[in-house]
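Here's a quick tour for anyone opening this structure for the first time. Keep the 3D view handy and follow along topic by topic.

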Amino acid sequence: MNRLDPRWLLAVALAGCAFAAYAQTMYRYVDPTGRVVYSDQPPPSAAKDVQAKRLQENVIETDPVPFAAKEAAEKFPVTLYTFDCDVCKQAEALLAKRGVPFTTVIVSEEEGAEKLKALTGKQSAPVLQVGEKQVITGFNADRWGAVLDNAGYPKAAPAPSRQAAARATPGGATAPSAADATQPATDTAPPAPPARGTDYPK
């Protein structure tokens, strides 16, 4: 009866640990015919001179939120005070288009209305809060864009992850629909309504 080579047992144990931790291990061994084999599959029991090498893990960025947006969000988190109105939808679309992570406060609900009143002393929306001190009442695309630029947010979300970035925001913002994505380039900037905001229904 053939005895198991202690080196093989040690190699298998080390390979198992490496595989569990890194999910990528390369094996080098000599097969029964004397051929040297390199494989990512564990060697057969008859293999000799088994060596297991842990490969450096490849990390691919899969997070839909760009790094620049994350960095800006840490320093200047964005909160959108909004409700179901056309101007508010334009405001949300602007943030989603730029890939800005934001928290949504629904001001037509009692709790949201109280937060808005405490912040602005008024009951009109949309309102954009960037960081702790910058509060912009009423939607104006140019003005909001300038404030977001100063905070370090990207001017546009990466095309492949645009919808995913919007879904990943803390407030659950909705990405523009497929129909919106097919609009001509000249229609990319939403119209700028009066800066006074929109009174939400009581």
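**Getting started**

Asp49 is partly exposed, with a relative accessible area of 36%; on this scale buried means under 20%, exposed means over 50%, and partly exposed is in between (1.4 Å probe, protein chains only). This is a predicted model, in which local features need pLDDT of at least 70, side-chain atom pairs count only at pLDDT 80 or more, and totals for chains, interfaces and linings use all residues. Residues are numbered from 1 along each chain as its sequence is written, and side-chain values use heavy atoms, with hydrogens and water left out.

- Asp49 has a positive phi of about 50° even though it is not a glycine, and it is found in strand β3 (residues 48–54). Helices (H or I, at least four residues) and strands (E, at least two) are DSSP runs, numbered from the N terminus.
- The peptide bond from Ala125 to Pro126 is cis, with omega near 10°. Pro126 lies in the loop between β6 and β7.

**Strand β7 and its partners**

- Val127 and Gln129 point one way from β7 (residues 127–130), Leu128 and Val130 point the other way, and all are buried.
- Strand β4 (residues 78–82) runs antiparallel to β7, joined by 4 bridges; two strands pair if DSSP finds at least two bridges between them. Val78 has Val130 as its bridge partner in β7.
- Strand β8 (residues 134–137) also pairs with β7 in the antiparallel sense, over 4 bridges. Here Gln129 has Val135 as its bridge partner in β8.
- β7 and β8 form a hairpin with 3 residues between them, and Gly131 in the turn has a positive phi of about 75°.

**The nonpolar cores**

- The largest nonpolar core has 29 residues, and Val78, Leu95, Trp144 and Tyr153 have the most contacts inside it. A nonpolar core is a set of buried Ala, Val, Leu, Ile, Met, Phe, Trp, Tyr and Cys residues joined through side-chain atoms within 4.5 Å.
- At least two residues of this core come from each of α2 (67–75), β4, α3 (86–98), β5 (102–106), β7 and α5 (141–151).
- Apart from this core lies another, of 5 residues, among them Tyr29, Val37, Ala47 and Val50.
- Leaving aside residues up to four places away in sequence, Val78 touches several residues, including Leu95, Phe102, Leu128, Leu148 and Tyr153. Contact means heavy atoms within 4.5 Å.

**Helix α3**

- At 1.5 Å a residue, the 13 residues of α3 should span 18 Å, and its end C-alpha atoms are 19 Å apart, which agrees. The expected span is 1.5 Å times one less than the number of residues.
- The buried residues of α3 are Val87, Cys88, Ala91, Leu94, Leu95, Ala96 and Arg98.
- Gly99 follows α3 and has a positive phi, near 70°.

**Helix α4**

- Gly112, Ala113 and Leu116 are the buried residues of α4 (residues 110–120). They cover an arc of only 100° around the axis, which puts them on the same side of α4; the arc is that of the directions from the helix axis to the C-beta atoms.
- The face turned away from that buried side carries the exposed residues Glu110, Glu111 and Ala118.
- The buried residues of α4 pack against β4, β5, β6 (124–125) and β7.
- Just after α4, Gly121 takes a positive phi of about 75°.
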